[in-house]
Amino acid sequence: MSRLQEPSFLILTALAAGAQHGYGIIKDVQDLSDGAVTLRVGTLYGALDRLALQGLVAIDREEIVDSRLRRYYRLTQAGAKQLAAEAARQRRQAAAALRRLGAIEILP
Amino acid sequence: MTAPSDSLERRYRRLLRWLPTDYRAAREDEMIGVLLQTARPGQRRPDPADAADLIYAVARVWCQRVWCRLRPRLPAIIAAMALLLPLGVALLPGAAGPPADPGQPASLPARFARYSTATGSVSDAPPGRAIALYQHGSEPAQDIVLSADRAAYRQLDLAYAHRAGDDAFDTPAPALLSPDGTRVAVGYFQAKSASLSIQDLATGQVTTHAVPAPSHDWGAGTIPLAWSARGAQVAFLTTTGYNPSASPRSVGDLGILEPGTGRVRTVLRNANVAAVAFAPDGAELAVQDPTRTSLRVIGLDGTTRRLLELPAGMGLPGPAAWSPDGRLIAVAAARVGCPDLHDVSGTSGWCAAGQTRFLDATAQRRPVPPPLSATSRHQLVGWSAADRVLLVGEQDNAGVALVEVGLSGGVRQVSTIPDGGGDTPVGAVQLATGLLGDLHVREPLTPDRGRWPLLWRIGAAIMVTAGIWTALGLLRRLRVQVTAPPAASDAEGSAG
C-alpha cells in the first residue's frame with residue numbers, strides 16, 4: 001500500500017465524514033489543517049482524478065444548484081482502509097516523536 | 001454592464017478551453033462552480049496563482065492522455081533533457097560578427113581591454129576584420145584578435161590548437177595578421193608535416209595548405225613571415241621542427257603561398273632567414289640573413305636584385321619594415337638575448353629594438369630620414385603614411401603604448417595595451433598594416449568578448465542543469481500551496 005501525499009490524505013479525511021462536493025472539500029481541508037493548506041481547484045481535481053483512478057474515492061451523486069452542476073464525492077471502502085492505515089502510521093510516528101520530546105522536557 | 005462573476009467565469013472558461021474535449025465536457029461546469037465559489041466578491045480576473053494552477057492541471061490531463069505511458073521513464077527523460085539542452089546550447093557554434101561597412105575607416109580604442117580568461121574564440125564567434133593581433137598573458141599566452149570596427153576581442157584559438165608542447169610552455173603557434181585584417185596565417189613550431197593555415201576572421205573558416213619542407217625526424221616547423229600588401233601572398237619559412245623556447249631556428253626554406261589559389265613556390269633553399277618584408281607592390285622581398293651585414297632584396301624567383309648595407313648590429317624589425325611608397329626600409333637594433341628570431345610573428349613575446357634607422361630601398365644612396373631614437377625600447381609595427389610610422393613601446397611597466405612618430409618629427413600617442421601585472425604581459429603586437437592610413441582612435445567601449453570559452457560554457461551548462469533540477473523540485477512542492485491561515489475570507493461563499 002503506497003503512502004498518501006498530504007493533499008490526498010486531507011481530501012480522504014474530509015470525505016471520511018461523508019460525501020462532499022469540490023468547494024466543501026476545499027473548505028474542509030482548510031479547516032482540518034488549521035488554515036495551513038489551501039487546495040487550489042486545479043490541484044483538487046488532479047488529486048480527485050488520481051484517487052478515483054486508484055479506487056479510493058467515487059462519485060456519490062450530482063445536483064444542480066443555482067443552475068450549476070455540483071458533484072459529490074465519497075470515500076470508498078478501499079479509500080477508508082488506506083486512510084486508516086495512513087492515519088495509524090502517522091499516529092505511530094507522532095507518538096514516537098512526542099515520547100522523545102517528552103524525555104527531553106521541552107513540551108509546554 | 002457585465003457582472004464581475006460573468007467576466008471571471010468567461011476568463012476561467014478560456015483557461016479550461018485547453019482541456020481535452022471529453023474531460024472538459026465532464027468537468028468544466030463543476031470546476032467553474034467551485035472556482036466561482038472560491039472567488040472574492042467583485043473579482044473579475046483569475047488570481048495568477050489560480051491561473052497557473054489551472055494551466056498546470058490542463059498540462060497534467062494532457063500528460064495523462066498523451067504520454068502518460070512514458071511516465072515511468074519521465075525522471076530519466078527530464079534528467080537527460082535538463083543536461084542535454086544546456087549542453088547543446090553550450091556546444092552550438094556561435095554566430096559571425098556583423099560585416100564591416102567597406103566605407104567605414106578602421107579604428108583602434110584609445111585603450112585596449114584588460115586580459116580576461118573569459119575571452120571567447122575566433123572560431124566560435126568570428127570578430128570580422130581585425131586591426132590588431134597581440135599576445136596577452138603567459139603559460140599559455142592568449143593570441144588576441146581585436147576587431148577593426150567594434151570592441152570585439154577574440155582568442156585566436158587556431159594558434160592555440162597549433163601550439164608548441166608543454167616543454168615550450170604551450171606557446172601559441174606563430175601567427176600573422178593580413179594587411180587588410182581579414183585573415184590570419186597560422187603555422188606550427190613542430191608538426192609531422194609542414195602546412196600553413198589561413199583563417200578567415202569574418203567566417204572563422206580555416207583553409208590549410210600543405211607546403212614543402214626539409215625532411216627530418218623532428219618533423220617540420222612553418223613560420224609565416226610576411227604578407228604582401230594586397231594579401232595575395234604569404235612568405236613563410238619551413239624548418240625542422242623545434243621548441244621555440246629552447247632552440248630558435250632560422251635556417252630552412254623560404255617559400256611563398258598564394259592563399260587565393262593554393263599555389264606554393266620555394267624561393268630560397270637552406271637559407272638563414274631572420275625576417276622578411278614585402279615591397280609594397282609585392283614583387284620583391286627584403287630578406288635578412290642574421291649572419292650577414294647586408295640586407296638582400298630578392299625577386300620572387302629568388303634571384304638577388306640588390307644588397308643594402310646594414311648598420312652594425314641592425315636588421316629588419318619585421319614584416320612592416322618597407323614604407324608604403326617603396327622608398328624606405330626600416331631597420332632596427334636587435335635586442336640582446338631576444339628569445340626568438342621570428343618574434344614579430346607572434347612566437348615568444350615582445351622582442352623590441354632600441355633604435356630604428358632607415359635605408360634607401362632602391363640602393364641609389366638617396367637621402368633618408370634621420371634615425372628614430374627613443375628612450376624606451378620600441379618596435380616598428382606599421383606605417384600610417386610614407387612619412388609616419390607606428391611604434392609599440394614600453395610604458396612605465398604598465399603595458400605597452402602605441403605611438404605614431406613622424407619621420408621629420410612629431411609624436412602622438414595612439415593607444416595603450418594594459419599588461420595587468422606580471423602574469424599578463426603584452427607582446428608580439430601586430431597591426432593590420434593596410435588599414436593604418438585612415439585609422440581612427442575611438443573611445444574604449446565595454447569589450448565584447450564573444451561566447452565564453454568552451455570549458456566555461458560547459459560549466460555554465462552544468463549550473464543551468466542544477467538550476468532546472470532545483471526549479472523542478474520547487475514546482476513539485478508548489479503543487480500544494482502552503483499558506484498562512486487566511487484572514488476572514490471574503491471568498492466564503494455558500495457551500496450549498
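Tutor: What follows starts with one strand of chain B and then turns to other elements.

This is a predicted model, in which local features need pLDDT of at least 70, side-chain atom pairs count only at pLDDT 80 or more, and totals for chains, interfaces and linings use all residues. Residues are numbered from 1 along each chain as its sequence is written, chains are lettered from A and ligands numbered from 1 in written order, and side-chain values use heavy atoms, without hydrogens and water.

Start with β23(B), residues 400-406. Strands here are DSSP runs of E with at least two residues; helices are runs of H or I with at least four; both are numbered from the N terminus. In β23(B), 7 of 7 residues are buried. Buried means under 20% relative accessible area, exposed means over 50%, and partly exposed lies in between, with a 1.4 Å probe and protein chains only. Both faces of the strand are covered. One side carries V400(B), L402(B), E404(B) and G406(B). The other carries A401(B), V403(B) and V405(B).

Now the partners. Strands of a sheet pair through backbone hydrogen bonds, either parallel or antiparallel. Here, two strands count as paired if DSSP finds at least two bridges between them. β22(B), residues 388-394, runs antiparallel to β23(B), and 7 bridges join them. In that pairing, E394(B) has V400(B) as its bridge partner. β24(B), residues 411-417, also pairs with β23(B) in the antiparallel sense, over 6 bridges. There, V403(B) is partnered by Q413(B). The hairpin of β23(B) and β24(B) has 4 residues between the strands. In this hairpin, G409(B) takes a positive phi near 120 degrees.

Elsewhere in chain B there is an open sheet of 5 strands, in the order β7-β10-β11-β12-β13, with antiparallel pairing. Its edge strands are β7(B), 188-191, and β13(B), 263-272; each pairs on one side only. The twist averages 25 degrees from one strand to the next. Angles run from 0 to 180 degrees between N-to-C directions, with axes fitted as lines to C-alpha atoms, for helices over the stretch in contact. I256(B) stands opposite R265(B) in β13(B).

Turn to chain A, with its 4 helices and 3 strands. From the N terminus, the order is α-β-α-α-β-β-α. Of its 108 residues, 45% are buried. Look at α2(A), residues 22-32: 8 of its 11 residues are buried, so the helix is largely enclosed by the rest of the structure. Among the buried ones are Y23(A), I25(A), I26(A) and V29(A). The buried residues of α2(A) pack against α1, β1, α3 and β3 of chain A, together with α2 (21-38) of chain B. Contact means heavy atoms within 4.5 Å. After α2(A) comes D34(A), with a positive phi near 55 degrees.

Finally, a surface feature of chain B. L70(B), I77(B), M81(B) and L85(B) form a nonpolar patch with about 340 Å² of accessible area together. Areas come from the Shrake-Rupley method with a 1.4 Å probe; for residues, only the protein chains shown count as cover. Patch residues have over 30% relative accessible area and no salt bridge; nonpolar side chains (Val, Leu, Ile, Met, Phe, Trp, Tyr) are joined within 5 Å, like charges within 9 Å. A salt bridge puts a side-chain nitrogen of Lys or Arg within 4 Å of a carboxyl oxygen of Asp or Glu. I77(B) sits in helix α4(B), residues 74-91. Its relative accessibility is 31%, so I77(B) counts as partly exposed.
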